[in-house]
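Please keep the sequence and the model in view while reading.

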Amino acid sequence: MSIKLYSRLSLLIGILAVVNIQGCKDDGYSIAVPICTCVLRGTLMSTENFTQAKVTSIVDELVTNASEVVWYPGAGITLLELLNENGDIPILDDTDVFAGEKGDVVWNPQGISEGTEIAGRCRAAWGKSLIPDVLVLVITRSIINSDGSSTGLTGLVEPGRKLIERNQGADLCSLPRNLTRDDMKGKFILLEDPKPYIEPNFYKKYYWSTVLAHEMGHILMLGHGDGLDNDSDHLRQPLNSGPRLFDEYCDPVEYQKERFVGTDNVMTEKSGYSKAVTDLQRELARTVASLMPGAQGPN
Ligand SMILES: [Zn+2]
């Protein structure tokens, strides 16, 4: 089967899934999270070699694979790539090139990231097609430091520190969790131009989809780590209420010990290869996914 046909088929399955979820055939398990993408000028995809149809197909395949490889088998979560009213993925100008080249996005861990401004302009470019406050994906040329040097990051999500620390961590790290729809508004993912993705090499394609799946994990409030409670300080049964102390956001001490020895997982820092999602990760990811703007199911 050709790559193009596979992509179209996946898109069709995605559309059918939404129809089912919005209709009477909710399977009681699947959660669909819509995502709106923009491509920055300066990326390979923004050049004239790529028609809008080609850009749409590449982005659709990237997002679909992140679901099919990691989040659907791992947690019943599907990312739904939306198209605007013209059936397009908007291409955005990079208006501030104070560092790096066009399409580079500055990440400043201490300050306001350039990503916030670009994600805002992406929302504006989507116009009336935008689901309010929906998750945004911006494809960048690269993610750089303020001096123009490379961060070495292939993807980035700004951690929601306030939410992680709220109520001494109990809102995120104890069941029942105290998370709201408002907490999940206005999030964005920066992804480096997946140039190898256009090469006919499935290994490279799945690498980029797994990087996107890793960033999606951060959106779903998962920190780095192996998704396990390595020091066994939370209640063992996922269905019991109580502490959920695991990994970077909810057990930083444990995370510091495990980060170089932990089992491979989609949330391991050097992602791009592992697809595994654990019970603890699934529990949190599904809670957050159902609160995301425009999320559908389960009832
Ligand atoms: Zn990460």
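Which residues of helix α9 (residues 279-289) are buried? In this predicted model, they are Leu-280, Gln-281, Leu-284, Ala-285, Val-288 and Ala-289. Viewed down the axis of α9, these buried residues fall within an arc of 150 degrees, so they line one face of the helix. The elements against which the buried residues of α9 pack are β1, α2 and β2 (77-81).

The chain as a whole may now be considered. Its secondary structure comprises nine helices and ten strands. Of its 299 residues, 44% are buried. Among contacts between residues at least 6 apart in sequence, 76% join residues that are at least 24 apart. The average pLDDT of the chain is 85, and 85% of the residues score at least 70. Over residues 1-24, however, the pLDDT is below 50, and this stretch has 23 contacts in the model beyond near neighbours in sequence. Where pLDDT is low, the predicted coordinates should not be read in detail.

Attention may turn next to strand β5 (residues 135-140). Six of its six residues are buried, so the strand is largely enclosed by the rest of the structure. Both faces of β5 are covered, with Leu-135, Leu-137 and Ile-139 buried on one side and Val-136, Val-138 and Thr-140 buried on the other. Strand β1 (residues 31-40) pairs with β5 in the parallel sense over five bridges, and Thr-37 stands opposite Leu-137 in β5. Strand β9 (residues 188-192) also runs parallel to β5, to which it is joined by five bridges. Here Val-138 stands opposite Leu-190 in β9.

Apart from neighbours within four places in sequence, the residues in contact with Val-138 are Cys-38, Leu-40, Gly-115, Ile-118, Ala-119, Cys-122, Phe-188 and Leu-190.

Helix α2 itself spans residues 52-75 and has a kink of about 45 degrees, centred on Glu-68. The helix is followed by Gly-76, which has a positive phi, near 70 degrees.

Beyond its neighbours within four places in sequence, Met-216 is in contact with Ala-66, Trp-71 and Leu-79. Met-216 and Leu-137, the latter a residue of β5, are 79 residues apart in sequence, while their C-alpha atoms are 9.8 Å apart in space.

The loop between α6 (202-219) and β10 (242-243) contains Leu-220. Leu-220 is buried, since 26 other C-beta atoms lie within 10 Å. Leaving aside neighbours within four places in sequence, its contacts are Leu-284, Ala-285, Val-288 and Ala-289. Leu-220 and Val-288 are separated by 68 residues in sequence, yet they are 5.4 Å apart in space, C-alpha to C-alpha.

Methods:
Residues numbered from 1 in each chain as written. Predicted model: local features only at pLDDT ≥ 70, side-chain atom pairs only at ≥ 80, totals over all residues. Bend = angle between axes of the 7 residues up to and from the residue. Helix = DSSP H or I, 4+ residues; strand = E, 2+ residues; numbered from the N terminus. Contact = placed C-beta atoms within 7 Å. Buried ≥ 20, exposed ≤ 12 C-beta atoms within 10 Å, placed from the backbone. Pairing = 2+ DSSP bridges. Arc of directions from axis to C-beta. pLDDT = per-residue confidence, 0-100.
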